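Hi,

Here is the structure I promised to pass on. Please open it and keep it in view while you read my notes below.

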Amino acid sequence: MRRTVTRASYLAALNECKGTNDTVKVICGMRRSGKTSILEEYIKQLKSSGVSDSDIIYLDFEKRSGQDLNDADKLEAYLAGKAGDGAQSYVFLNNVCRVKDWRSVLLKLITLGTCDVYVTETFSAPIHDALENIAVKDIEVTSMSFAEFMTAYPMEDVNTRFREYAVYGGLPGVDPSEGERVCDSDLEGIFNTIVLNDLILRTKEDPEILFAVTNHLFRNVGKEMTYAEIAKACHINASSAERYVDALESAYLVKRVDRYDVNMGMLKEHPFRLYATDNGIRNFALKYDMEIDFTVAMENIVYLELLRRGYTVRAGSVHEAGVSFTVMKDGVTGFFHVFPSVETTDSILKDEGVVGASTILTMDSGLPETMGKARLVNLCDWLLN
């Protein structure tokens, strides 16, 4: 059964932007991450606050409501009849890049000065490339956090749900209770649509190379890599490797994390790490190539959660049985270490305990509060609090 969860952080971000008529709000993120549902919930909030139906314009250019308005002239004429009377309007254009010459439409709406404009997109590059002279506010929607996942699919056995989250990811609609076959079918549809529609059709890149690069990156999530190494593995040159990685990042399939040198206090351009934006998509793509490594899944989950919590995240050191992240927030530097068990953590405490606040996240339960100068926390407890 498909279930929905109110995603309060995104609704709060949209409410903060309400009435900024000089800025295009871009609700962006991976396909099926929940962008449309968030917009629909926000529209409900607007109506409940007193905004009338006539002042809200919603069009989806991948659905019937927008398919007859898929070029700029038709869309501008339609919007002029709806939002051209000088009253405050709220305009929601879902999948706006499907409209021919869509940029001119957004320029016209911003010029009116009475339109609060929101657009969604599953591929980030076109919006920013085209709107360089317009104020843009990005609101990136990720797959569900573990806390949201537990709200959508409550269960007393938290560890079982966590393993399902690590396997199937957190995209809304991929319901673990439906079983492996249905989840795989859902993930296959999402993955193929992202690669075939959102990447190959838009970038015109070679499909065989794109799949090869995607597979290589997913196989090496959390590992240090360079464009030269990616190029060698995929039989392309380094500049092509960088272009393909940029394309995959623009489609919200991966995120690049730069390396941070604690001793030198500076970023290193190379090597870097890449993380998947959803474990379910990654696991499906690699289903017939390799078994799921739950240590890597834990690491990927922690990285995404740190971003959700507002940290600037850099790749720290890699240890034999775990990984460290260097994080910055409000001028404070800290460290998060991810280990399946605290039995493997002794070596890291000497290196980083005096540099900043350290937190060790582990699947162990019944933990003491500290180990040396580091705070010990069960990973599921941390994700849910």
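Helix 8 and helix 14 are roughly perpendicular to each other. This is a predicted model, so please keep that in mind throughout. The axes of helix 8 (residues 158-168) and helix 14 (residues 294-308) cross at roughly 90°. They come within 10 Å.

Which residues meet there? From helix 8, they are F162, R163, Y165, A166 and V167. From helix 14, they are F294, A297, M298, I301 and R308. Eight of the residues in this contact are nonpolar and two are charged. None is polar.

Now find helix 2, residues 35-48. It has 14 residues. From first C-alpha to last it reaches 20 Å, close to the 20 Å expected at 1.5 Å a residue.

Which residues of helix 2 are buried? They are K35, I38, L39, Y42, I43 and L46. These residues cover an arc of only 140° around the axis, so they sit on the same side of helix 2.

What do the buried residues of helix 2 pack against? Their partners are:

- helix 1 (8-17)
- strand 1 (23-29) and strand 2 (56-60)
- strand 3 (89-94), strand 4 (115-121) and strand 5 (135-141)

Best wishes

Notes:
Residues are numbered from 1 along each chain as its sequence is written. This is a predicted model: local features need pLDDT of at least 70, side-chain atom pairs count only at pLDDT 80 or more; totals for chains, interfaces and linings use all residues. Side-chain values use heavy atoms; hydrogens and water are left out. Axes are lines fitted to C-alpha atoms, for helices over the stretch in contact, and angles run from 0 to 180 degrees between N-to-C directions. Helices (H or I, at least four residues) and strands (E, at least two) are DSSP runs, numbered from the N terminus. Angles under 35 degrees count as roughly parallel, over 145 as roughly antiparallel, 65 to 115 as roughly perpendicular and the rest as oblique. Contact means heavy atoms within 4.5 Å. Ala, Val, Leu, Ile, Met, Phe, Trp, Tyr, Cys and Pro count as nonpolar, Asp, Glu, Lys and Arg as charged, and the others, Gly among them, as polar. The expected span of a helix is 1.5 Å times one less than its number of residues. Buried means under 20% relative accessible area, exposed over 50%, partly exposed in between (1.4 Å probe, protein chains only). The arc is that of the directions from the helix axis to the C-beta atoms.
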